[in-house]
Amino acid sequence: MLTTALGAAWLLLAPVALWFLIRGRALARVAAVLGLGLLEAGTIVLTPSRPAPVEVVASPVTPAVRPAPAPAVCAERRPVPSHARIAGSHLTLAWTAAPDECGTALVMLRHKGRKLRVWVHEGPLDGHHTGVRTAPVRVTGGQATVRLAVDVPPRTRTLDGRTDEVIPH
């Protein structure tokens, strides 16, 4: 019952308090902040510290619930991008997809002048590497692609970080 009353208070009082925060005078703004603080405190007090455990009972009709299998770890690879394209604020890298292509790739970018060096890694990566981004890999028609947000000047050349060879556009 208290949670229903608290939910109704959030629905009714929160928009009014926000209105007073934006348009109200000084005293109304103080009252709005106090009201929102009280609503938040009530929410924290009524939130259970730990969810109640769910007991699964197996019956002869329904089988016992089994845990989901662990996701398969893909093989470690270092794909070489066959082409790269910078369009606006996004970089798209593409390479030939493997039969056991990973769902994510680790990409490291280093920008200096008008050169953008790119390293792509799939699978587990040992150690700690700064600037590594995890990006989803999309596979269509035998080609894997990754799209990343970048902030580089126009006409920046994309280079393979391992060989310093230009990746064609």
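Visitor: To begin, what percentage of the residues of the protein count as buried?

Guide: Of the 169 residues of the protein, 24% count as buried, a term for under 20% relative accessible area with a 1.4 Å probe and protein chains only, where exposed means over 50% and partly exposed lies in between. This is a predicted model, in which local features need pLDDT of at least 70, side-chain atom pairs count only at pLDDT 80 or more, and totals for chains, interfaces and linings use all residues. Residues are numbered from 1 along each chain as its sequence is written, and side-chain values use heavy atoms, with hydrogens and water left out.

The protein has 2 helices and 8 strands; these are DSSP runs numbered from the N terminus, helices being H or I of at least four residues and strands E of at least two. The largest nonpolar core holds 19 residues. Such a core is a set of buried Ala, Val, Leu, Ile, Met, Phe, Trp, Tyr and Cys residues joined through side-chain atoms within 4.5 Å. Strand 2 (90-96), strand 3 (104-112), strand 4 (115-121) and strand 7 (143-149) each give two or more residues to this core.

Among the residues with the most contacts inside the core is Val118. Contact means heavy atoms within 4.5 Å. Neighbours within four places in sequence aside, the contacts of Val118 include Leu91, Leu93, Val107 and Leu109, and Thr158, Leu159, Asp160 and Gly161 also touch Val118.
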